[in-house]
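Hi,

Here is the structure I promised to pass along. Have a look at it first, and then read my notes below.

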Amino acid sequence: MPLLRDLYLRFSRARQRRSLPPPRRFRYERFGGIAQLGGRLGMPQALVFIDHDRARALGYDHPPNDLWPTREAEGGTANDGHDAATIDALLAEPLSAPLEAHLQLTNRCAAGCQGCYTGATAEGSPGEWGLADWCRALDELAAAGVFHVALGGGESALLPWLGELLQHARTRGIVPNLTTSGLYEDAVLDRLCGWARAGLFGQINVSIDGVGPDYARVRGFDGFGKADRALVALRRHSPDVGINCVLTRATFPTVATLFAYARRRSANEIELLRFKPAGRGARREVYAESRMSDEQHRELLPTVLALSRRHRLRVRLDCSFTPMVAYHQPAPQLMQFLCIYGCAAGDLLVAARSSGALSACSFFPSTPARIDALRSYRDSPDSFASFRRYRAAPPEPCRSCEYQSLCRGGCRAVAVHLHHDPQTPDPECPRVLAYRAQAGASPPTDVPAAAAEPGTEHAKKRLPVLA
Ligand code: SF4
Ligand code: SF4
């Protein structure tokens with residue numbers, strides 16, 4: 001995209017955002033608080049965890065209900081006196097509310113992707129919520145202190161009332177982000193471009209799992225042309241447009257092509273996601289074929305860092321890839337600083353089905369509660385119990401892993417699918433594979449032979465860039 005056009009887009013986004021209510025700036029936590037940076041002036045947004053002193057310095061000095069210790073209890077000093085271990089302990093407790101909620105506004109989508117994690121259909125699911133229900137949910141999320149919502153589906157762009165919901169989120173100080181397939185008629189795309197131009201979205205990512213024929217290898221049909229057209233159109237109206245890509249065994253070797261394509265299209269980020277055994281993706285043959293091999297998991301971080309540098313592109317790795325990052329032994333403080341956290345389910349993150357049913361994450365079965373009763377569910381002692389139990393008493397090798405407080409046992413959705421037990425570590429974590437191989441344990445029954453390939457040894461690597 002020509003530089004002048006891009007500058008114009010950024011300027012006009014900043015102007016549009018000034019006419020919208022500002023997003024939530026801060027939330028008190030026991031360790032201090034969470035500040036949201038950027039956003040209003042059109043800068044990228046970031047959530048930053050800060051201690052009591054930093055919060056006070058920013059003018060946040062009135063925590064509710066004795067959330068913070070008094071200065072006397074802190075030793076009467078201006079400094080909190082919290083050493084790294086104390087802050088770690090405070091961070092190990094669940095946050096007062098999630099940072100983000102993933103809302104599946106509809107399960108309607110006619111594309112029929114072979115690995116769709118929600119099992120979406122052209123008819124959608126029975127009992128789907130409408131605009132009034134989702135507005136009520138946003139009220140609850142705002143009252144709880146949630147910063148962002150990630151809107152997905154199904155295909156949420158098909159909903160004619162999506163614009164009203166975006167406005168409602170903005171009036172409640174919540175930033176709405178969207179993931180969309182781009183597989184729809186021009187009229188739907190035009191409407192979406194209008195909302196993007198009005199600055200209503202924080203970020204829109206188009207799902208593109210591969211370029212050209214690679215797209216069909218993941219999805220089972222050729223939708224690349226339509227997805228590409230949506231990316232081009234949306235990028236013409238907003239600078240905050242990127243790509244979501246689910247990595248699979250077949251397409252990981254071609255990920256460099258995706259980065260080059262993203263650069264050509266002026267995407268502002270690529271988010272790489274691990275294939276999850278959920279929805280149609282949970283079918284034994286689909287998951288066995290799609291999941292990346294252990295060797296690919298170990299190559300992921302160096303490959304992505306090199307491509308990110310070469311193409312000067314921001315990259316996000318989804319939470320389930322944290323064990324593959326930890327394998328390279330970056331400094332834990334650096335991971336904390338970069339907010340690289342593992343399983344966020346039921347803590348930093350919650351999700352809701354199209355019927356409003358609340359779950360810990362999009363890849364987990366629902367709880368009996370609805371998202372519009374989030375606070376009362378989270379206050380109950382048994383809420384998200386298996387996730388809390390794992391964090392409190394992880395088994396080996398997570399127990400002795402220096403990344404446990406960040407990684408939290410890897411992806412619980414994969415662990416449950418392969419072991420049928422929420423209290424087992426992520427069976428695709430390189431360190432877990434090495435531990436099991438050493439203990440002579442057989443791989444879990446659903447793991448295809450490739451997972452037990454040689455080369456699973458947990459080599460002591462340290463990437464210079466992360467050291
Ligand atoms: S189960 Fe945990 S790690 Fe896996 S996708 Fe959900 S939040 Fe992320
Ligand atoms: S051993 Fe456990 S905590 Fe450590 S990286 Fe693997 S899954 Fe994460």
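Predicted model: local features only at pLDDT ≥ 70, side-chain atom pairs only at ≥ 80, totals over all residues.

What follows is a walk through what I found in it.

**The overall picture**

The protein has 18 helices and 12 strands. Of its 467 residues, 43% are buried. If you take the contacts between residues at least 6 apart in sequence, 73% of them join residues at least 24 apart.

Helix H1 covers residues 3–18, which makes 16 residues. From first C-alpha to last it reaches 23 Å, close to the 22 Å expected at 1.5 Å a residue. Which of its residues are buried? They are Leu9, Arg13 and Arg17. Looking down the axis of H1, you'll see these buried residues within an arc of 60 degrees, so they line one face of the helix.

Next, the strands. There is an open sheet of 9 strands with mixed pairing, in the order S10-S9-S8-S7-S6-S5-S4-S11-S12. Its edge strands are S10 (314–317) and S12 (358–359), each of which pairs on one side only.

5 of its 5 residues are buried, so S4 is largely enclosed by the rest of the structure. Glu100, His102 and Gln104 point one way from the strand, while Ala101 and Leu103 point the other way. S4 runs parallel to strand S5 (residues 148–152), and 5 bridges join the two. In that pairing, Gln104 sits opposite Gly152 of S5.

Over at S12, the pairing with strand S11 (residues 349–352) is antiparallel, over 2 bridges. There, Ala352 faces Leu358 of S12.

**The two ligands**

Ligand 1 is surrounded by Cys319, Ser320, Gly342, Cys343, Ala344, Ala345, Leu349, Cys361, Phe363, Cys411, Arg412 and Ala413. By class, its shell divides into 9 nonpolar residues, 2 polar and 1 charged.

Around ligand 2 there are 16 residues, and those that come nearest are Cys398, Cys401, Cys407, Gly410 and Cys429. Helix H12 (322–326), helix H16 (404–407) and helix H18 (430–438) are the elements that give two or more residues to this shell. The shell has 10 nonpolar, 4 polar and 2 charged residues.

**Around H18 and H11**

H18 has buried residues too: Pro430, Arg431, Val432 and Leu433. What covers them includes H12 and helix H11 (294–311). Just after H18 comes Gly440, with a positive phi of about 70 degrees.

H11 is also where you'll find Glu299. Is Glu299 buried or partly exposed? With 16 other C-beta atoms within 10 Å, Glu299 is partly exposed. Glu299 and His328 are 29 residues apart in sequence, and their C-alpha atoms are 9.6 Å apart in space.

Cheers

Note on methods
Residues numbered from 1 in each chain as written. Chains lettered and ligands numbered in written order. Helix = DSSP H or I, 4+ residues; strand = E, 2+ residues; numbered from the N terminus. Expected span 1.5 Å × (residues − 1). Buried ≥ 20, exposed ≤ 12 C-beta atoms within 10 Å, placed from the backbone. Arc of directions from axis to C-beta. Pairing = 2+ DSSP bridges. Contact = placed C-beta atoms within 7 Å. Near = placed C-beta within 6 Å. Nonpolar A, V, L, I, M, F, W, Y, C, P; charged D, E, K, R; others polar.
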